[in-house]
Amino acid sequence: MLKICLVIDLDDTLYDAEAAYSYALKSVGIDPLSVDFSQARQIIKARLGEGHVGARNRILYFKQFLDGQSRYSHSAILELMEKYEKFLADHIENQWALLGRQKLFEKRLSQVPKVILTNENLRTQMIKLSAIDPKGTLFPQVITSEEMGVEKPNLKLFERALEILKCDPKNCFMVGDNWDTDLVPALEMGMKGVCTTEFRKLKSDVKIPDSVKVISRLDELESVFS
């Protein structure tokens, strides 16, 4: 295997994020497609603006949602969030086991330096990663948009990842599902790209350069470097 390092997206790359979000919301009695919840989510996103690092935080959606239903209380918001986080973690833990990712990262890619690079708030991403890798042995380094103050595709996140890895961009692979926020900025930085379509399909108008490897399952990742 080539001497490389990896920058890896979390949501919809390591696991199916939409499935986990939907399960957790339904488990706390919220239809993710309901008008009330969709409106609450849209209000928060519109208020904070495009690319705001806090605009993905579910506790803000829950506060707006309960307020809109005249069910607001401090304890109700916290209780809802705590239940949601538990169901989210449980679903991701089960997914991880069913997907069989452990062998890939624990054995075949164990010696490859890696950083998780993800949009979202730190607490939520720690909950997800704790469900996947409780002791932080598989993924010992994590960068979130919250701690950087900007979201992907901002190049500051990719620069920070390379700084942590002490890796030359030409020897570093960005592994992600989102062409615009994962792969485009990585290529701009001089990194190599691996696009996974396991949980998110590429838009039909995306033109993938020959330098980017497209894989249908993350299990194929090792073959990219062989």
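Modeller: Let us begin with Gln125, whose place is in helix H6 (residues 122-132). This is a predicted model, in which local features need pLDDT of at least 70 and side-chain atom pairs count only at pLDDT 80 or more, while totals for chains, interfaces and linings use all residues. Residues are numbered from 1 along each chain as its sequence is written, and side-chain values use heavy atoms, with hydrogens and water left out.

Biologist: Why is Gln125 called buried?

Modeller: Buried means under 20% relative accessible area, exposed means over 50%, and partly exposed lies in between (1.4 Å probe, protein chains only). Gln125 has 0% relative accessibility and therefore counts as buried.

Biologist: What is Gln125 in contact with, leaving aside its neighbours within four places in sequence?

Modeller: Contact means heavy atoms within 4.5 Å. Among the residues that Gln125 touches are Leu10, Asp11, Thr118 and Thr144. With Thr118 there is also a polar contact between the side chains, at 2.6 Å. A polar contact is a pair of N or O atoms within 3.5 Å; within protein, one must be able to donate a hydrogen and the other to accept it, and residues adjacent in sequence count only if both atoms are side-chain atoms.

Biologist: Why are Asp9 and Lys152 called a salt bridge?

Modeller: A salt bridge is a side-chain nitrogen of Lys or Arg within 4 Å of a carboxyl oxygen of Asp or Glu. Asp9 is buried because its relative accessible area is 5%, and Lys152 counts as buried because its relative accessibility is 5%. By this rule the model has 17 salt bridges.

Biologist: Where do Arg160 and Glu163 lie?

Modeller: Arg160 and Glu163 both lie in helix H8, 3 residues apart, which is about one turn of the helix. Their side chains meet in a salt bridge at 3.2 Å, N to O. Arg160 has a relative accessible area of 31%, and so it is partly exposed.

Biologist: Is Asp177 buried or exposed?

Modeller: Asp177 counts as buried, because its relative accessibility is 3%. Its salt-bridge partner is Arg200, at 2.4 Å, N to O. The two are 23 residues apart, with Arg200 in the loop between strand E5 (192-196) and strand E6 (212-215) and Asp177 in the loop between strand E4 (172-176) and helix H9 (179-188). Arg200 has a relative accessible area of 36%, so it is partly exposed.

Biologist: What is the volume of the largest pocket?

Modeller: The volume is about 930 Å³. On a 1 Å grid over the protein atoms alone, a cavity is a set of points where a 1.4 Å probe fits but cannot get out, whereas a pocket is an open set with protein on both sides within 12 Å along at least five of seven lines; lining residues have an atom within 4 Å of a point. Grid points are joined across faces, edges and corners, and a volume is the space filled by probe spheres set on the points. Of the 34 lining residues, the closest to the centre are Glu18, Arg41, Lys45, Arg56 and Arg200.

Biologist: What do the buried residues of H3 pack against?

Modeller: They pack against helix H1 (17-27), helix H2 (35-48) and helix H4 (74-99). The buried residues of H3 (residues 58-68) include Tyr61, Phe62 and Phe65. At the start of H3, a side-chain oxygen of Asn57 reaches to within 3.2 Å of the backbone nitrogen of Ile59.

Note on methods. Helix = DSSP H or I, 4+ residues; strand = E, 2+ residues; numbered from the N terminus.
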